[in-house]
Amino acid sequence: MSLIFQQHIEKFVQISSDEFEEIKKFFDTKEVAKKENLLEEGQICRYHYFVLTGLLRKFYINEKGIEQTTEFAIETWWLTDNFAYERNIPTEFYIQAVEKSLVLYITQEKQEKLLEKFPVMERYFRFVYQRAFAAAQKRIQFLFSFSKEEFYFQAVKNHPDFVQRVPQYLIASYLGFTPEYLSEIRKRLRS
């Protein structure tokens, strides 16, 4: 499993095998059951998660009591509530396993020590955050540029395997509409 993480790091920065052996000591591993929460609203956000296998989602419960999914993380993606994690404050989000998952995780304190000992990891995390920010910008663009149907079609076109893997009610939650509306869109797509 650590090979997955090592290869991901090496996509962005050069590290030796010896360095990686030291780097991975800053992380812990956790198996997460399907529907298990890693983080719940009101808890201090202490961890940044790297998905080795499986699928996570981040969501909040809106004023109507409906779960609104804001992010997903599949293999080699990172997930946390960045605002709460960096400030060590209570979160407004939940992080939940959509599938049985295996994750690496690191605390803010350990991450700071990692960056001090291995400055090259600062560059790695910069690339990770840049990609996450770019994905968030693209989602906002799609929200404002496309109708709900077009937004779904873009998701199917750009990420077909992902759309097949994630339960439809969660796709609907992420795209900002009801499962019933998504079902109507899918029916029209088939006909």
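At what angle do helix α4 (residues 108-117) and α5 pack, and how many Å apart are their axes? In this predicted model, the angle comes out at about 125°, and the axes lie 8 Å apart. An angle like that falls in neither the roughly perpendicular range of 65 to 115 degrees nor the roughly antiparallel range over 145, and α4 and α5 are therefore oblique to each other. On the α4 side, the contact is made by Gln 111, Leu 114 and Leu 115. Helix α5 brings Met 121, Glu 122, Phe 125 and Tyr 129. Sorted by class, that gives five nonpolar residues, one polar and one charged.

Stepping back to the whole chain, there are nine helices and eight strands to keep track of. The C-alpha trace spans about 55 × 35 × 30 Å along its principal axes. The radius of gyration is 18 Å, which agrees with the value near 16 Å that a compact globule of 191 residues would have. As for annotation, UniProt lists residues 30-117 as "domain: Cyclic nucleotide-binding", in an unreviewed entry. Over that stretch the chain is 18% helix and 44% strand. Its end C-alpha atoms sit 24 Å apart.

Back to the helices, and on to the next pair. Helix α5 (residues 120-145) also meets α6: their axes come within 9 Å and cross at roughly 140°. That makes α5 oblique to α6. Here α5 uses Arg 139, Phe 142, Leu 143 and Ser 145, while α6 answers with Glu 150, Phe 151, Gln 154 and Asn 158.

Helix α6 (residues 148-158) has another partner in helix α9 (residues 179-190). What does their packing look like in terms of angle and axis distance? The two helices pack at about 70°, with axes 11 Å apart. That makes α6 roughly perpendicular to α9, and the crossing is right-handed. From α6, the residues in touch are Lys 148, Glu 149, Tyr 152 and Phe 153. From α9 come Tyr 181, Leu 182, Ile 185, Arg 186, Arg 188 and Leu 189. No polar residues turn up in the contact of α6 with α9, which divides into six nonpolar and four charged.

How values were computed:
Residues are numbered from 1 along each chain as its sequence is written. This is a predicted model: local features need pLDDT of at least 70, side-chain atom pairs count only at pLDDT 80 or more; totals for chains, interfaces and linings use all residues. Side-chain values use heavy atoms; hydrogens and water are left out. UniProt positions are given in the numbering used here, feature names are shortened, and annotations may be inferred rather than shown by experiment. Helices (H or I, at least four residues) and strands (E, at least two) are DSSP runs, numbered from the N terminus. Axes are lines fitted to C-alpha atoms, for helices over the stretch in contact, and angles run from 0 to 180 degrees between N-to-C directions. Angles under 35 degrees count as roughly parallel, over 145 as roughly antiparallel, 65 to 115 as roughly perpendicular and the rest as oblique. A crossing is left-handed if the near helix is turned anticlockwise from the far one by less than a right angle, and right-handed if clockwise. Contact means heavy atoms within 4.5 Å. Ala, Val, Leu, Ile, Met, Phe, Trp, Tyr, Cys and Pro count as nonpolar, Asp, Glu, Lys and Arg as charged, and the others, Gly among them, as polar. The radius of gyration is taken over C-alpha atoms; the globule rule is 2.2 Å times the number of residues to the power 0.38.
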